[in-house]
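Dear colleague,

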Amino acid sequence: MADHSGNREAFQLAGGVAPMLGLLKTGDPHAQENATTALWNAMANNDDAKADLIKHQGMPLLIQQLLTGTPVGQELAAGAIWKSCANDPSTKDDVRQAIPGLVKLLTSGTTAAKEQAAGALRSACINSGPNKRELNRVNGIAALVDCMKTGTLRAREQAGAALANACVNSLENQTASRHAGAMQVLVQMIKDRSQLNLVECAVAGIRNVCVNSPENQEELNRCGGIQPLLMLLMNHRETNPALLEYTVGALWKACTHCEANRVQVLSYGIQAIESISKDETLATEIRRCSEGLLGRLNEHQDITAQQLAKAANDMPTPPIVVNVTHQTMLEKSGSTDNGTEASAVAEGEEDADAGLQETPSIQAEENAALSLP
């Protein structure tokens with residue numbers, strides 16, 4: 001089934017999910033691994049198979065495998081749980097009971113298992129306040145930050161996206177991220193422009209961590225995060241639109257309650273932002289964010305010329321800019337389902353602190369089908 005959608009559909013139509021769950025319940029470890037692989041593949045781009053899993057009470061069996069299975073079985077269970085909730089809001093309540101096990105796997109599992117656990121948490125947190133609170137309850141924010149520091153490239157990317165999603169409309173997770181040292185890690189991630197998927201997730205994380213949080217905005221300044229964000233605006237017409245939107249949004253939210261950030265943007269990035277706001281070829285949301293940022297900067301006319309000059313002098317010499325192109329950003333491992341979601345900000349919203357929800361490239365990724373060796 002790994003490479004054949006027709007076989008996956010036939011498997012589901014023939015009622016294949018229930019027997020695989022039976023093997024998870026009574027089979028030996030090797031049979032459980034194979035059954036979990038079959039369930040993972042059956043759910044690839046197949047909402048009916050996901051519904052069958054929930055209908056036949058499959059989530060508790062996957063969680064049991066997550067907690068007590070072999071290392072391979074735990075990895076497969078985490079991947080199947082990720083698959084069950086990617087782009088399917090109806091499974092959020094069922095996935096919640098898996099969050100403690102996913103966090104445990106994130107801290108003590110194999111390298112491959114950590115990647116799957118981080119991806120499952122990424123999807124589990126989308127538009128689910130209860131799941132975000134559960135993640136916080138089991139110290140999941142600190143686990144994500146640790147994975148962002150020490151995991152594989154793929155795990156760091158998924159953990160960064162999970163942190164971004166977990167912090168949307170969640171002050172407790174924003175606070176926990178600051179206490180866990182997330183901002184320094186996120187800033188370091190955006191400085192490495194050779195890993196462009198990682199940059200996108202990190203910028204979205206900075207944006208969501210800063211919304212309505214003066215403390216996190218000040219922490220971004222202490223970590224030197226404004227200058228690398230501004231560098232991403234250079235040559236904006238060649239930049240991936242999603243990354244451009246995240247970056248302008250991050251700067252906007254970083255300036256709502258932090259004068260030091262506003263001073264740096266005014267002294268170093270105002271021309272780029274004005275250019276973006278006037279570029280009619282860009283998406284409406286990108287221009288709206290740039291106009292919101294300019295509006296916030298214009299509200300603070302008390303910033304002196306001396307402050308601007310000092311900020312400009314304190315800025316490090318700009319690094320060589322690596323253009324972040326849309327084509328490069330799409331070169332992702334695994335498969336991606338391109339879902340969409342309406343913006344959480346109402347049209348015409350004037351509140352400079354309006355929340356910025358998860359966006360399609362952060363929320364929609366789904367792990368690929370796989371074959372066991």
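This is a predicted model: local features need pLDDT of at least 70, side-chain atom pairs count only at pLDDT 80 or more; totals for chains, interfaces and linings use all residues.

Residues are numbered from 1 along each chain as its sequence is written, and side-chain values use heavy atoms, with hydrogens and water left out.

Helix α3 (residues 29-42) packs with helix α6 (residues 71-85) at an angle of about 20°, the axes being 9 Å apart. α3 is therefore roughly parallel to α6 (angles under 35 degrees count as such), and their crossing is left-handed (the near helix is turned anticlockwise from the far one by less than a right angle). In the contact (heavy atoms within 4.5 Å), Glu33, Thr36, Thr37 and Trp40 of α3 meet residues of α6 including Val72, Leu76, Ala80 and Lys83. The residues of this contact comprise five nonpolar, four polar and three charged (Ala, Val, Leu, Ile, Met, Phe, Trp, Tyr, Cys and Pro count as nonpolar, Asp, Glu, Lys and Arg as charged, and the others, Gly among them, as polar).

Helix α9 (residues 111-124) and helix α12 (residues 153-166) pack at an angle of about 20°, with axes 8 Å apart, which means that α9 is roughly parallel to α12. The crossing of α9 with α12 is left-handed. Glu115, Ala118, Gly119, Leu121 and Arg122 in α9 meet residues of α12, among them Arg154, Glu157, Ala161 and Asn165, and the contact divides into six nonpolar, three polar and four charged residues.

Conventions. Axes are lines fitted to C-alpha atoms, for helices over the stretch in contact, and angles run from 0 to 180 degrees between N-to-C directions. Helices (H or I, at least four residues) and strands (E, at least two) are DSSP runs, numbered from the N terminus. Angles under 35 degrees count as roughly parallel, over 145 as roughly antiparallel, 65 to 115 as roughly perpendicular and the rest as oblique.
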